[in-house]
Amino acid sequence: MPSYGVVDRNWTIRTFPDNIQWDYAFYIVDDVGAHSGQGSEEQLEDAVQELSVDFTTSPIVDEHTSDADRSYALGYSYSDDPNFMYCAEGMSRQGAVNWWLPNCGLSGGASGGPWVQPMSEGTGAGPIISVNSWGFTGSPGMAGPLLDQNNSSALCVYLGAIPADMSSIPETDGDEGVVVTCP
């Protein structure tokens with residue numbers, strides 16, 4: 001269970017659809033006592049494979065070759081199916097602030113799930129380039145905010161989620177968070 005989350009102030013002071021470009025958060029999970037399951041009490045990073053977040057490069061978007069920009073969106077579309085699901089397809093842009101997977105069938109509950117590009121289909125490894133954010137009611141498609149080098153806020157929020165030491169983690173009940181003011 002996360003100890004707390006970190007969001008950009010812009011996410012908190014605006015409402016949908018004016019806040020979609022800040023629809024991401026980073027969560028802090030304590031090293032001790034936050035992970036259990038499958039008979040394991042080990043640290044989370046020892047129990048599951050880490051997916052890095054790539055802020056340095058723009059994801060590939062090739063309007064002509066869908067294999068070149070194949071992205072994997074992962075999540076639980078609880079409103080339609082409580083099982084873990086994914087979609088994998090070439091992506092494009094939706095407006096100025098979102099990536100778009102036009103045929104993705106993920107729905108309510110999938111928000112926050114990672115988009116990975118490129119992904120090793122053998123290991124599931126690859127960098128996170130976005131997260132599930134929103135879609136249109138009654139038609140397929142999933143949008144995800146830009147997290148690349150052109151979005152300094154995403155990196156700012158990420159850095160705000162890395163405490164200088166574990167003693168600086170706020171005492172919370174897991175439902176609270178930290179708001180950072182980013183450029």
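Ser-71 is buried, its relative accessible area being 0%, where buried denotes under 20% relative accessible area, exposed over 50%, and partly exposed the range in between (1.4 Å probe, protein chains only). The model is a predicted one, in which local features need pLDDT of at least 70 and side-chain atom pairs count only at pLDDT 80 or more, whereas totals for chains, interfaces and linings use all residues. Residues are numbered from 1 along each chain as its sequence is written, and side-chain values use heavy atoms, with hydrogens and water left out.

Ser-71 belongs to strand E3 (residues 70-76); helices (H or I, at least four residues) and strands (E, at least two) are DSSP runs, numbered from the N terminus. When neighbours within four places in sequence are set aside, Ser-71 is in contact (heavy atoms within 4.5 Å) with Cys-87, Ala-88, Glu-89, Met-91, Leu-101, Val-116, Gln-117 and Ile-129.

Strand E1 (residues 4-8) is largely enclosed by the rest of the structure, because 5 of its 5 residues are buried. In a regular strand, side chains alternate between the two faces of the sheet. Both faces of E1 are covered, with Tyr-4, Val-6 and Asp-8 buried on one side and Gly-5 and Val-7 buried on the other. Pairing of two strands requires at least two bridges between them as found by DSSP. E1 pairs with strand E2 (residues 26-28) in the antiparallel sense over 3 bridges, and Tyr-27 of E2 is the bridge partner of Gly-5. With strand E10 (residues 177-180), E1 pairs in the parallel sense over 4 bridges; here Val-179 of E10 is the bridge partner of Val-7.

Strand E6 (residues 98-101) pairs with E9 in the antiparallel sense over 4 bridges, and Pro-145 in E9 is the bridge partner of Asn-98.

On the surface, Leu-155, Tyr-158, Leu-159 and Ile-162 form a nonpolar patch with about 350 Å² of accessible area together. Such patches comprise residues with over 30% relative accessible area and no salt bridge, nonpolar side chains (Val, Leu, Ile, Met, Phe, Trp, Tyr) being joined within 5 Å and like charges within 9 Å. Leu-155 lies in helix H3 (residues 152-160) and counts as partly exposed, at 35% relative accessibility.

Conventions
Accessible areas come from the Shrake-Rupley method with a 1.4 Å probe; for residues, only the protein chains shown count as cover. A salt bridge is a side-chain nitrogen of Lys or Arg within 4 Å of a carboxyl oxygen of Asp or Glu.
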